[in-house]
Structures are given as structure tokens and as C-alpha cells.
Amino acid sequence: MSDSGAKPRPVGHPLAGEKMSGARMIMQVLADEGVTAIFGYSGGAILPTYDAVFLYNEECARTGRPQIPLIVPANEQGAGFMAAGYARASGRVGLCLVTSGPGATNTVTPVRDCMADSIPIVVISGQVPTPAIGTDAFQEAPVPSIMGSVAKHIFLVTDPAKLEATVRTAFEIARTGRPGPVVVDIPKDVQNWEGVFLGEGLLPILGYRRRMRELAEASLDAAAAERFFAMLGESRRPLIYAGGGVINGNAAGALAEFTTAFNVPVVTTLMGIGALDTTHPLAMRMLGMHGAAFANYAVDDCDFLIAVGSRFDDRVAGVPAKFARNARRIAHLDVDRAEVNKVKRVHWSHVGLVGEALRSLTAYGLKTQVRRDFSPWLAELAELKRVHAMNYDRASSLIQPGYVIEELNRHARGAAIITTGVGQHQMWAAQYCDFTRPRLWLTSGSMGTMGFGLPAAIGAQIACPDRLVIDIDGDSSIRMNIGELETATTYDLPVKVVVLNNFGDGMVKQWQKLFFKGRLSASDRSLHKKDFVKAAQADGFRYAARLERKEDVSRVIGEFLAFAGPAFLEVMIDPDAGVYPMVGPGQTYEDMITGDFIASRHKVNIKPPGPSEMF
Ligand SMILES: Cc1ncc(C[n+]2csc(CCOP(=O)(O)OP(=O)(O)O)c2C)c(N)n1
Ligand SMILES: [Mg+2]
């Protein structure tokens with residue numbers, strides 16, 4: 001279960017029994033559910049609800065209660081990613097409020113993104129009035145069918161008497177079990193309807209609730225714990241492979257307790273970064289396609305793999321049969337039954353809340369005094385870390401991205417929220433930044449959506465006003481939602497936006513160099529005209545600078561991060577820098593190429609992947 005974001009609902013709601021509009025009811029349920037910011041854009045079919053937000057905040061101003069600010073993006077895709085950034089950073093449900101037709105369809109990408117990364121948001125969209133549905137009315141779109149294929153759940157409210165309960169239930173579904181996005185499509189006449197507010201009540205989603213109860217009650221019993229520790233007892237090289245489920249399930253504390261109690265080292269997925277403090281002695285950092293070489297070697301060498309809230313995604317287990325090929329045993333803890341044995345057969349599994357399960361295991365292990373000396377394995381791993389450390393061309397006269405991120409990291413000290421676009425910069429950030437806690441690393445993992453970084457940073461800064469928030473973005477990714485630069489200055493949010501400019505789609509270029517004989521089809525932007533610094537200035541950034549010389553990197557990054565308001569920094573990096581290590585698509589960890597600056601333990605020939613592996 002994701003979080004307890006909702007305020008405990010008052011017994012006997014103070015407004016119970018009051019007559020009000022559907023729009024006012026929506027607003028009241030949002031307030032009751034603990035929403036502290038609304039991200040959205042207005043339009044005809046949602047106007048009544050926007051008016052209700054205005055009236056609610058006017059009333060709050062009069063009575064001294066906290067208002068619920070409306071953050072207006074340049075594009076509804078931005079609002080969706082702001083809600084997602086808010087949710088990822090805080091663990092609370094993010095809220096996005098948009099109009100029908102194009103307003104709603106502009107949120108399809110963030111909804112799918114949240115689904116793929118298990119992020120709880122609620123999108124409320126206006127719909128054309130009930131009698132007009134199906135007539136191709138102005139700004140009508142089939143939101144239930146479009147969103148039905150990408151959201152965790154979708155409601156179309158046709159019976160106004162169920163409006164209040166539906167909005168409340170949407171929050172319940174978003175935050176429980178495996179979290180995800182829920183869309184509530186509300187026709188305009190339902191918003192304008194007048195009825196009696198009950199102040200309580202949920203829809204009878206009996207099957208779902210039964211499953212949630214089963215999850216909550218699925219305690220890990222002594223017999224299962226005994227079998228688990230029998231496997232750990234036989235193991236000499238155990239390794240935890242932790243994914244986003246540890247963070248989304250608020251289980252990082254439980255993971256740290258388990259890992260330190262039994263000295264089991266941890267690799268994480270891209271989504272799992274921060275599940276264990278990356279500076280912890282047992283942290284082996286990220287595995288997978290661009291994971292650290294030492295992390296991938298650890299996976300190859302382990303004899304017992306313990307997957308926690310992770311799902312053997314193709315960026316981790318490109319060749320499932322050869323993934324963790326020396327692991328004689330694999331265990332899997334997950335909140336979603338569908339993930340167990342989906343890609344790789346496991347020998348032991350537990351479906352339930354991962355935090356509870358880890359705590360049960362720890363308690364059992366401590367009670368039965370499980371003691372196993374893994375020090376030879378830990379020594380091997382320390383050696384792997386030393387010999388195959390992350391590295392790049394430190395002598396280069398060009399600005400290397402690794403250097404920029406190391407400098408950012410030196411200031412952030414593992415305590416900043418970092419968001420990213422998608423591409424090489426995202427991978428360098430994942431490889432070189434430290435995160436001492438969960439919910440600091442916000443990235444579009446599964447969908448890999450360019451344009452995520454800036455709006456996610458805005459949403460995260462709204463959720464965490466006192467934290468340093470840095471968007472490490474790419475020159476192409478930031479173009480996707482560059483309109484949101486103005487949103488940052490409009491709301492005076494002190495986000496720090498750093499663009500690693502390598503003149504184009506660096507990650508695409510890297511694949512084209514490796515697998516398409518260097519034909520840079522549509523990925524080079526070196527002749528493009530964009531002046532990012534002027535763009536940021538035009539959008540009101542008082543700090544906007546371009547960094548072009550290696551000797552200025554340290555000083556300028558210090559100034560940039562110390563600036564009190566929104567700040568923008570474009571860094572002209574080596575356009576040919578590659579992301580290493582790299583496990584090519586459809587290849588095994590043994591085939592990992594480590595580049596010129598990271599030691600490999602294999603002799604590797606770069607094999608172009610076959611057509612079926614090209615994704
Ligand atoms: C919306 C979207 N379109 C296309 C892609 C495919 N894609 C992945 S990375 C990439 C290039 C990103 O370029 P940039 O943001 O400059 O990052 P870099 O790799 O140069 O650091 C592209 C086109 C994507 N991930 N998302
Ligand atoms: Mg680029």
C-alpha cells in the first residue's frame with residue numbers, strides 16, 4: 001500500500017447534509033483526501049469545477065484555512081507530469097484537472113507513464129454533457145475507452161448521485177495495492193447538478209477491496225520464512241535486486257533493516273534507485289542495460305537472487321534465461337501476483353506488501369538467530385567495485401557529462417530531488433548521483449518519456465518546497481515541454497534546470513553509431529537554432545547561463561545551485577560522449593561493453609542485435 005496521504009475522514013463530516021453542486025462536491029472530496037495542489041488547465045467542459053476551486057479558495061482566504069493552489073501548466077501533458085512529480089516526491093496522490101477532448105487526450109502520455117511506473121495520480125477530466133455523449137460534440141473524446149487501456153482504472157460518472165463516492169474511490173484505487181493512475185471523467189451536467197453532500201461513502205468495488213484485504217493480510221508465515229532462510233543458509237553469494245516497488249510501497253526502511261541485519265548487498269533497478277542509500281556500504285548501485293559494471297558482475301556472480309518489488313524488465317533481464325545465470329535460487333517479493341514467474345521462474349515467492357514481508361523476514365531471522373558469514377562475498381564485491389568503478393575521460397579538454405554530474409552531486413550530497421528527461425543524460429544522472437533516501441530520484445523509467453524532467457521538477461518542488469530540486473535534462477527532452485519553463489517562474493519555484501547539450505538525441509546517436517554504422521538519421525541538432533539561454537531569459541529566469549569551458553564547471557555549478565530562485569544552466573558537453581557500461585539489446589551481462597575508461601573482465605565483441613531484438 002502506497003501511503004496514508006488522506007487525512008482521517010472526519011466522523012460526521014461538517015458539511016454532511018448540505019446541498020451543493022457536483023463541482024463543489026468534487027472540490028470537497030479533494031480537500032478531504034489531502035490534496036494540497038491541483039495541476040491543471042481549464043476549458044469549457046470543466047468550467048464548473050474550476051469555478052468551485054476559485055470559490056473554495058476564496059472561502060479559505062476568508063476563514064484562514066489553507067488554500068489549494070491551482071498550478072497552471074503550458075500544456076496538460078505538463079500538468080500530468082507535475083502531478084506525477086508531486087506524487088513521486090511525496091508519496092501522496094497527485095491531482096490533475098483538465099477539460100474534455102484535447103485537454104484530456106493531452107494527459108494520455110502521463111497517465112500511461114504513471115501506470116508503467118506505478119505512480120498514484122487522479123486525473124479528473126470534464127466531459128461533454130451526458131445527453132451529448134456519442135454525438136461527436138464539440139471537444140468530445142472517448143476518454144473512457146482511450147484511458148481504459150492505459151490507466152489503472154477509469155470512471156465515467158453518469159449518475160450524479162454517485163459522483164462524491166466515485167471521486168473518493170478514485171483516490172482509494174490510486175493509492176492502494178500496486179499504485180497507479182485513475183481517471184474520472186465527469187460530464188458537465190453532472191458537475192452542475194445540485195444534490196446533498198454526504199461527507200462519506202465509497203463505491204462498492206467488492207472484488208478489488210477483497211484483493212486489497214488479501215494483500216494486507218498476506219502475512220509471511222514462519223514456514224515461508226524458514227524456507228527463505230534455508231535458501232539464504234545454503235547461499236554464499238546472496239544479492240538483493242530491489243525495484244521501484246520498494247519505494248512505491250514505502251518499504252525502504254524495511255529493506256535497510258533486512259540488508260544490514262543479514263549483510264546482504266543490494267543492486268537496484270533504475271526505478272529502485274534510493275531504495276537503499278546509494279552511499280551505504282552494502283549498496284551495489286544500479287544494474288541493467290546501463291548499470292554499473294560491478295553491479296552487473298555481482299548479478300552474474302550471485303548464487304541467490306532476492307527480487308524485491310522488481311519485475312525482471314527487459315532493460316534488466318534482456319535474456320531472461322541468462323540473467324543471474326549462476327543463481328541457483330531466486331526469491332521474489334512483490335505486491336502484484338502477475339509479476340511472479342512472469343519473465344523468470346522463481347523458487348520462492350511472496351505476494352503481499354513488501355515492507356511487511358521484509359519486516360517479517362527480518363524478525364524471523366533475528367529470532368532464530370540466523371547467522372551467516374558473507375564476508376568473503378562482500379570482499380569480492382568490494383574488489384569488483386574498485387576494479388570496475390564508474391569512470392570517464394577525465395583528461396579530456398571537453399566537458400564530460402560525468403564531471404558535470406559529479407560536481408552537481410558534490411553540492412547536492414545525496415539530499416536533492418533529481419528529475420530527468422530521457423536519454424544519455426538520464427543514465428549519467430542515474431550512474432553518478434547519490435541518493436541517501438527514497439523519493440529523491442524521479443525519472444520516467446518504464447515509458448522513458450522525453451519531456452518528463454521539467455514538469456516533474458515543478459510538481460516535486462510544490463510537494464517539497466524546502467528541498468533542492470534539480471532537473472538534469474537533455475537538449476532534446478527539454479524541448480518537449482519547454483513551455484513549462486515559464487510555469488517555474490510564474491510560481492517562483494526555485495527549481496534548478498541544467499541542460500546537458502550534446503546537439504541532439506545523444507542516446508539515439510549512440511545506438512546509431514553502434515548498430516546502424518553511424519547513420520545519424522534525424523538525431524543530430526547541431527544546425528538547429530535554439531538559444532536555450534535566451535529562451536530561459538524570455539521566460540523570466542533571472543539566472544540563465546551557458547557553460548562552455550571545463551575550467552569553469554566547478555565555479556559556475558556552485559553559483560547556479562546557490563541562486564535563490566529558478567535557475568537555468570546549459571552545459572555544452574562532449575557531443576560524442578557515450579553511456580557506458582552498456583548491455584546491448586538482447587545481450588547478456590557477459591556481453592556488456594564498458595568503453596575505454598571502465599575495466600571489463602571479458603573480451604567483448606560488439607554484436608549488432610538481430611531484428612527481433614531491436615527495440
Ligand atoms: C517522447 C519520446 N519520444 C522519443 C523517444 C526516443 N528517445 C529516447 S532518448 C532520445 C534522445 C533524447 O535526447 P536528449 O533529451 O537530448 O538526451 P541525450 O540522450 O542527448 O542526453 C529519444 C529520441 C522518447 N524516449 N520519448
Ligand atoms: Mg541531447
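Start by selecting ligand 1 and M450: a nitrogen atom of the ligand sits 3.3 Å from a polar backbone atom of M450, a polar contact (a pair of N or O atoms within 3.5 Å). Before going on, know that this is a predicted model, where local features need pLDDT of at least 70, side-chain atom pairs count only at pLDDT 80 or more, and totals for chains, interfaces and linings use all residues. Residues are numbered from 1 along each chain as its sequence is written, chains are lettered from A and ligands numbered from 1 in the order in which they are written, and side-chain values use heavy atoms, with hydrogens and water left out.

**Stay with ligand 1.** Show S477 next: one of its polar side-chain atoms is 2.7 Å from an oxygen atom of the ligand. Now widen the selection to the 16 residues around ligand 1, counting a residue if one of its heavy atoms lies within 4 Å. Those that come nearest are Q424, G448, S477, G506 and M507.

**Hop to the magnesium ion, ligand 2.** Which residues coordinate the magnesium ion? Pick D475 (OD), N502 (OD1) and G504 (O), at 2.0 to 2.1 Å; donors are N, O and S atoms within 2.8 Å of the metal (3.2 Å for Na, K and Ca), and water is not among the atoms, so sites may look incomplete. D475 lies in helix α19 (residues 475-480) and G504 in the loop between β18 (496-501) and α21 (506-515), so the pair ties together parts 29 residues apart in sequence. Helices (H or I, at least four residues) and strands (E, at least two) are DSSP runs, numbered from the N terminus. Both D475 and G504 are buried, meaning under 20% relative accessible area (1.4 Å probe, protein chains only).

**Now the second largest pocket.** Select R178, R211, V335, D336 and R337, which lie nearest its centre among 21 lining residues. Where does the largest share of the lining come from? Colour α9: five residues are from there. Helices α5 (108-117) and α9 (206-217) each supply at least two lining residues.

**Last stop: V556.** Find this residue in helix α23 (residues 553-562). Is V556 buried or exposed? V556 is buried, at a relative accessible area of 9%. Finish by drawing a line from its C-alpha atom to that of L569, 13 residues apart along the chain: the separation is 8.9 Å.

Conventions: 1 Å grid on protein atoms, 1.4 Å probe; cavity = no way out; pocket = protein on both sides within 12 Å on 5 of 7 lines; lining within 4 Å. Buried < 20%, exposed > 50% of the residue type's maximum accessible area, 1.4 Å probe, protein only. Polar contact = N/O pair within 3.5 Å; in protein donor to acceptor, adjacent residues only side chain to side chain.
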